[in-house]
Amino acid sequence: MIPKIQLIDVQKEFVSQNDVLKVLESISLHVHPGEFVSILGPSGCGKSTIFHILTGIDQQSRGQIKIDNIPLEKWQGKMCYMQQKDLLMPWRTLLNNVILPLEIQGVRKTDAVKKVRELLPVFGLEGFESVYPNQLSGGMRQRAALLRTVLTDSEIMLLDEPFGALDAINRSQMQQWFLEIWEKFRHSVLFVTHDIEEAIFMSDRVYVLSQRPARVAKEVRIDVQRPRKKEFLVLSEFLEYKKELVNALK
Ligand SMILES: Nc1ncnc2c1ncn2[C@@H]1O[C@H](COP(=O)(O)OP(=O)(O)OP(=O)(O)O)[C@@H](O)[C@H]1O
Ligand SMILES: [Mg+2]
């Protein structure tokens, strides 16, 4: 099977006037079509940098990236990308922030608004359509950014700690909700998280990165049937995966 996303020995160093910061030592990983893959790693090891390279914000120092077996430089498509910071536009209301990808795709505004209104309750944002980002809580901003990402038309989804600002209850609800959406549409997902349990619950496979300069310390396949329910979190299998990942993160 041709991977949807493939990184082959990707290295990255940031060079400034009097310093070289080696961030990625060597990253080789892949995501198959329709697969949900997580990247777990210590803070500052280079997880967001990988996404910046994939989306063209930055470039690797060495190594190769392929999408559908086409070198990234030649690939013409786009990716849904949710940055670690939500990047909502302060001058647009929540509704107008969220419909942006639909506007870009050329969807009629009335149709875009209708589609978004249907999804607002699912994201706990109903009634906040006309509110500006600075009047929203951190969690609400993140949910709005996630809603906006989900509306981008692409088979590839890059999510950088999408639930990072949510409390445990909201987080668990969003995880389950997001898996339902994913099971319907089967995006190829690359998902960055700090949270070991989240990585196990959501993923088909997890890559554990080492401290900076990052390399893949371990790859773990989460061989558990879908759809997954919360009960999975208390099974002995779950604890085994958790032990394996905790040990790999040391
Ligand atoms: N444009 C840049 N120029 C110089 N250094 C950078 C740049 N971008 C990131 N870095 C450095 O690269 C390292 C990795 O940063 P990155 O944001 O990828 O980490 P991360 O794994 O996403 O961390 P976190 O989990 O805290 O979000 C950090 O030391 C950061 O300071
Ligand atoms: Mg980051």
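Trainee: How do you know that domain 1 is in contact with domain 2?

Mentor: This is a predicted model, and in it nine residues of domain 1 are in contact with seven residues of domain 2. A contact means that two C-beta atoms, placed from the backbone, lie within 7 Å.

Trainee: Which elements make up the side of domain 1 that touches domain 2?

Mentor: Helix 1 (47–54) and strand 7 (156–160) each supply at least two residues there. Strand 7 gives the most, with four residues. By class, that side has five nonpolar, two polar and two charged residues.

Trainee: And where are the bounds of the two domains?

Mentor: Domain 1 covers 1–77 + 157–162 + 188–250, while domain 2 is 80–153. Their C-alpha centres lie 26 Å apart.

Trainee: Why is glutamine 6 called partly exposed?

Mentor: Count the other C-beta atoms within 10 Å of its own: glutamine 6 has 19. A buried residue needs 20 or more, and an exposed one has 12 or fewer. The count of 19 falls in between, so glutamine 6 is partly exposed.

Trainee: What is glutamine 6 in contact with, leaving aside its neighbours within four places in sequence?

Mentor: His30, Ile65 and Lys66. Glutamine 6 itself is found in strand 1 (residues 5–16). Its C-alpha atom is separated by 9.6 Å from that of isoleucine 70, which is 64 residues away along the chain.

Trainee: Which residues is leucine 158 in contact with, its neighbours within four places in sequence aside?

Mentor: Phe51, Leu54, Thr55, Met79, Cys80, Tyr81 and Leu190.

Trainee: How many residues of the shell around ligand 1 are nonpolar, polar or charged?

Mentor: Four are nonpolar, seven polar and one charged. Among the residues surrounding ligand 1 are Phe14, Gly44, Lys47 and Gln84. Strand 2 (19–31) and helix 1 each supply at least two residues of the shell, and the largest share, three residues, comes from helix 1.

Key. Residues numbered from 1 in each chain as written. Chains lettered and ligands numbered in written order. Predicted model: local features only at pLDDT ≥ 70, side-chain atom pairs only at ≥ 80, totals over all residues. Domains from an automatic or database assignment. Nonpolar A, V, L, I, M, F, W, Y, C, P; charged D, E, K, R; others polar. Near = placed C-beta within 6 Å.
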